[in-house]
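Hello,

Here is the structure I said I would pass on. Please look at it first, then read the notes below.

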Amino acid sequence: MEDGRTSAPRVVDCDLLIVGGGFAGCGAAFEARYWGRGLSIVVVEKAAIERSGAVAQGLSAINCYMGLRWHENRPEDFVRYVRNDLMGLSREDLVFDIARHVDSSVHLFEEWGLPIFTDPTTGRFVREGRWQVMIHGESYKPIVAEAARAAATAVDEGVVVTHLLKDREHPNRVAGAVGFSVRDGSYRVYRARAVIVAAGGASHLYRPRSSGEGWGRTWYPPWATGSAYGLLIPAGAEMTQMENRLVVTRFKDGYGPVGAWFLYLKAIATNGAGDSFEASQLAGLRDRVGAYADAKPLPTCLRNDLLLREVRAGRGPILMHTERVLDSPEKERVGWGAFLNMTVGQVVAWASQGTDPRTGPVELVLSEPYVLGSHAVCAGAWASGPGDVGPGEYAWGYNRMTSVEGLFGAGDTIGGSAHKFSSGSFTEGRLAAKGAVRYLLDHPGRPTVAPDEVEAWRRTIFAPLDRASEGRARVTDGSVVPDLLAPDQGLLRLEKIMDEYAGGVGADYTTNADLLDRGLAHLTLLREDLSATGATDLRELGRVWELDHRVWTAEAVVRHTRYREETRWPGYYYRSDFPRVDDARWRCFVNSVYDAHEGNWRLFTRPYVPLTEP
Ligand SMILES: Cc1cc2nc3c(=O)[nH]c(=O)nc-3n(C[C@H](O)[C@H](O)[C@H](O)COP(=O)(O)OP(=O)(O)OC[C@H]3O[C@@H](n4cnc5c(N)ncnc54)[C@H](O)[C@@H]3O)c2cc1C
């Protein structure tokens with residue numbers, strides 16, 4: 001075991017650094033090797049890539065597959081679907097780019113050994129819904145990780161990346177990253193000519209529904225800590241749609257997935273009295289959101305909205321009638337498989353409550369909000385598009401490069417293009433890698449990393465360990481040091497602020513300008529107090545920096561939500577002071593840039609430009 005505070009930093013020089021070995025990071029490593037045979041490509045991952053990231057447990061479906069070879073869908077169809085689902089707002093150049101390439105990624109997965117359900121008579125993949133294909137998902141991540149491991153020069157695991165480095169000569173160019181090993185305690189310095197951040201989304205910004213013994217249970221995993229945003233924002237990257245947070249409908253208490261049940265098994269949901277409610281609520285919905293209520297399928301947020309209004313009207317609970325569809329061993333296998341591949345905890349929760357989905361309906365609820373860029377929302381960095389589709393202002397040379405030179409992103413990191421899921425995130429990693437290799441070929445020089453900057457980050461990163469050991473003399477009760485903030489205490493404080501002021505479950509997903517201003521004031525104080533965090537060991541040190549990344553993410557969410565004066569995505573959140581969709585003023589992107597030197601944020605809009613139909 002080393003002490004990173006005193007031992008020599010472990011310095012790695014590479015061409016391309018990939019932060020995060022989840023789906024996007026694995027796609028990036030694989031593709032970077034294809035285009036950059038002689039390049040040094042290093043993946044840094046805080047866990048172990050065989051089981052890291054949002055899909056750690058496995059999945060039961062690949063949610064983004066066009067089926068181009070069977071003429072099942074065209075990329076344009078997918079663009080239209082995403083446009084509708086996002087209430088008219090997405091970066092359609094990015095969406096199209098993923099749609100035209102994603103099938104090739106899925107074919108690679110199959111070639112590498114992923115079992116995909118295939119219809120023996122047609123030879124086609126079995127669909128769960130229009131865009132989903134069904135898989136035996138338990139081995140999904142290990143298979144994808146194996147390809148990344150074979151492609152990368154090195155995979156550094158157990159290393160938490162805390163900050164990005166900037167070029168001393170060119171302040172808007174990335175120069176690498178720093179962090180520490182949770183396994184051996186060493187200080188890690190990565191000097192790189194280009195960086196792809198693929199560090200996933202954010203859970204636990206908001207107080208979860210689970211409390212006490214189930215506190216860590218959330219839908220997006222607790223290890224999704226907002227690093228993608230917490231690394232990019234202080235480095236000055238332009239962000240977009242950070243107000244577009246996700247709320248999902250899930251089985252109550254276990255966050256079990258509903259997709260296979262709704263789409264494949266065709267289960268229906270009713271209110272507590274057993275009545276279907278979607279149709280009866282449609283007229284009111286049209287009144288509030290106009291033509292978006294007529295989109296087919298109904299946008300995810302609006303489906304949430306109908307459910308929420310039914311509960312608000314006192315007609316809960318919302319029940320899924322699982323008992324009506326489990327009428328064959330095959331259906332039962334699919335139904336249970338959805339959990340066993342992905343959310344075993346749901347089955348445990350039901351067992352503890354005496355619930356059997358074969359004999360009675362099961363309760364559904366809306367989750368707390370999450371921030372991510374790959375699901376039915378698209379928060380993240382504003383990135384350059386491919387250039388051959390979309391307007392010129394959406395492309396500045398290198399596909400998926402952020403507004404910081406040499407800094408790329410993929411998956412949950414990149415904003416504006418939703419519905420990537422696992423296959424789309426992997427594909428976006430590939431696209432980002434191709435862009436990054438091109439950037440490397442065009443920019444053969446190395447950025448300059450200032451030794452004093454490296455030293456300053458070392459002091460900052462490890463300071464919580466010093467504070468905790470100095471604080472030992474001031475312990476008043478158990479492990480409480482009155483003038484230090486433990487990372488778990490900071491996290492609880494963050495969750496309370498976001499829940500009460502920024503439209504969490506406790507506030508019925510509702511907020512307004514006054515609440516957001518007050519929430520921002522509380523977040524500003526919390527950020528000040530982060531300089532008093534203490535960490536008793538390396539595990540807690542990791543928690544400190546995860547909290548730091550979450551607070552950056554939360555601040556962006558609050559500022560963006562404050563800036564957008566409308567309720568664009570009812571069912572995700574409501575601005576009570578601007579309760580309607582306002583296309584005339586707000587069918588545009590809300591973007592922000594944080595200036596680290598001035599310590600201030602700039603918020604502004606960017607135009608939405610639809611993709612021209614071919
Ligand atoms: C419960 C659940 C169910 C899902 N179901 C499906 C489904 O059925 N089908 C489907 O296609 N998709 C599904 N998805 C979505 C899919 O998992 C994501 O879209 C995809 O994983 C996003 O890829 P990513 O690379 O951006 O993030 P991740 O895959 O989450 O990867 C991020 C990686 O970065 C690492 N990391 C984070 N911070 C740091 C740091 N500071 N330093 C170093 N490393 C760091 C993480 O450990 C992780 O390995 C599901 C997701 C969840 C949570």
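Helices α13 and α14 are roughly antiparallel to each other, because their angle is over 145 degrees. The axes of α13 (residues 487-501) and α14 (residues 513-529) cross at roughly 170° and come within 9 Å. Axes here are lines fitted to C-alpha atoms, for helices over the stretch in contact, with angles from 0 to 180 degrees between N-to-C directions. Helices are DSSP runs of H or I with at least four residues, strands are E runs of at least two, and both are numbered from the N terminus.

Contact between two residues requires C-beta atoms, placed from the backbone, within 7 Å. On the α13 side the contact includes Gly 490, Arg 493 and Leu 494, and on the α14 side it includes Leu 515, Arg 518 and His 522.

This is a predicted model: local features need pLDDT of at least 70, side-chain atom pairs count only at pLDDT 80 or more, and totals for chains, interfaces and linings use all residues. Residues are numbered from 1 along each chain as its sequence is written.

The ligand is surrounded by 42 residues (C-beta atom, placed from the backbone, within 6 Å). Gly 20, Gly 22, Gly 53, Gly 200 and Gly 411 are the closest. Helix α11 gives the most to this shell, with four residues.

The protein chain has 16 helices and 19 strands. Its C-alpha atoms fill a box of roughly 65 × 60 × 50 Å along the principal axes. Among contacts between residues at least 6 apart in sequence, 77% join residues at least 24 apart.

Regards

Definitions and conventions. Angles under 35 degrees count as roughly parallel, over 145 as roughly antiparallel, 65 to 115 as roughly perpendicular and the rest as oblique.
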